[in-house]
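Here is a friendly tour of one protein model, written for someone who likes to know which side chains meet. Please keep the structure open as you read.

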Amino acid sequence: FKAGNLNYMLKRSKGDFLVLFDSDFVPGEDFLKRIITPFIYNDDLSAVQARWKFIDRNKNLISLLGSTIGAVFHHICIPFINKRGVSFLCGSAEAVRKKDLLDLGGWKTGSLTEDIEFSLRLLKNGKKIVYLENLECPGEVPYKASDLYKQQMRWAYGVIYSFKEHFRTLFASKKIKISDKLYVSFFCSGYLFSFL
């Protein structure tokens, strides 16, 4: 549903860049300027992802667990692979260059994790994604066990499904280094990378 809505919006957008937020994120007043700035200095940059922080982490044990999972991901996993030249979009608090999105056919409808699926297409086509550790965007995490479970299962399934879909063409691509292919594999292994 989200990918379909994004493609609907894409046909009606007029700018060169798209900045995306889920409804439970609250960007600061200088966020737009800061997330677009890297594009000004790098014409080869296709996408930028900001770090997430969580405003309701202490609501209860479920929100604490959800924010801990997110913090491991945003403070350890993504920065680790970003320092090695690979990064991913996370679906919210991100900016994409509209031309690159259109060149690659927009978002894939029906994808559970349109952000990861699009990231894999960008990477295998030699496009650059940057993670901004010093630009944070606050958002909420689920505070009910059933909601956290559904979120995490959707993310795990969607990431692994997207990786399976792009595995062959990603590893066949000459536009991405073999070491980067290995980092992408670890990242897309569901929660194995986070656990390690």
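This is a predicted model: local features need pLDDT of at least 70, side-chain atom pairs count only at pLDDT 80 or more; totals for chains, interfaces and linings use all residues.

Residues are numbered from 1 along each chain as its sequence is written, and side-chain values use heavy atoms, leaving out hydrogens and water.

**Helix α3**

Let's begin with α3, which runs over residues 61–82 and has 22 residues. Helices here are DSSP runs (H or I, at least four residues; strands are E, at least two), numbered from the N terminus. From first C-alpha to last, α3 reaches 30 Å, close to the 32 Å expected at 1.5 Å a residue; that expected span is 1.5 Å times one less than the number of residues. The helix has a kink of about 30°, centred on Phe73, the bend being the angle between axes fitted to the seven residues ending there and the seven starting there. At the start of α3, a side-chain oxygen of Asn60 comes to within 3.0 Å of the backbone nitrogen of Ile62. Buried residues of α3 include Gly66, Gly70, His74 and Pro79, where buried means under 20% relative accessible area, exposed over 50% and partly exposed in between (1.4 Å probe, protein chains only).

**Salt bridges**

The whole structure holds nine salt bridges, each a side-chain nitrogen of Lys or Arg within 4 Å of a carboxyl oxygen of Asp or Glu. Three of them are set out here:

| Pair | N to O distance | Relative accessibility |
|---|---|---|
| Arg34 and Asp30 | 3.8 Å | Arg34 35%, Asp30 36% |
| Asp100 and Lys127 | 3.5 Å | Asp100 7%, Lys127 27% |
| Glu165 and Lys108 | 2.3 Å | Glu165 36%, Lys108 29% |

Glu165 lies in helix α6 and Lys108 in the loop between α4 and α5, so this pair ties together parts that are 57 residues apart in sequence. Elsewhere, Lys2, Asp22 and Glu114 are linked in a network of salt bridges.

**A nonpolar patch**

Which residues form a nonpolar patch on the surface? They are Leu112, Tyr157 and Tyr161, with about 320 Å² of accessible area together. Patch residues have over 30% relative accessible area and no salt bridge, with nonpolar side chains (Val, Leu, Ile, Met, Phe, Trp, Tyr) joined within 5 Å and like charges within 9 Å. Areas come from the Shrake-Rupley method with a 1.4 Å probe, and for residues only the protein chains shown count as cover. Tyr157 sits in helix α6, residues 145–172.

How values were computed:
A polar contact is a pair of N or O atoms within 3.5 Å; within protein, one must be able to donate a hydrogen and the other to accept it, and residues adjacent in sequence count only if both atoms are side-chain atoms.
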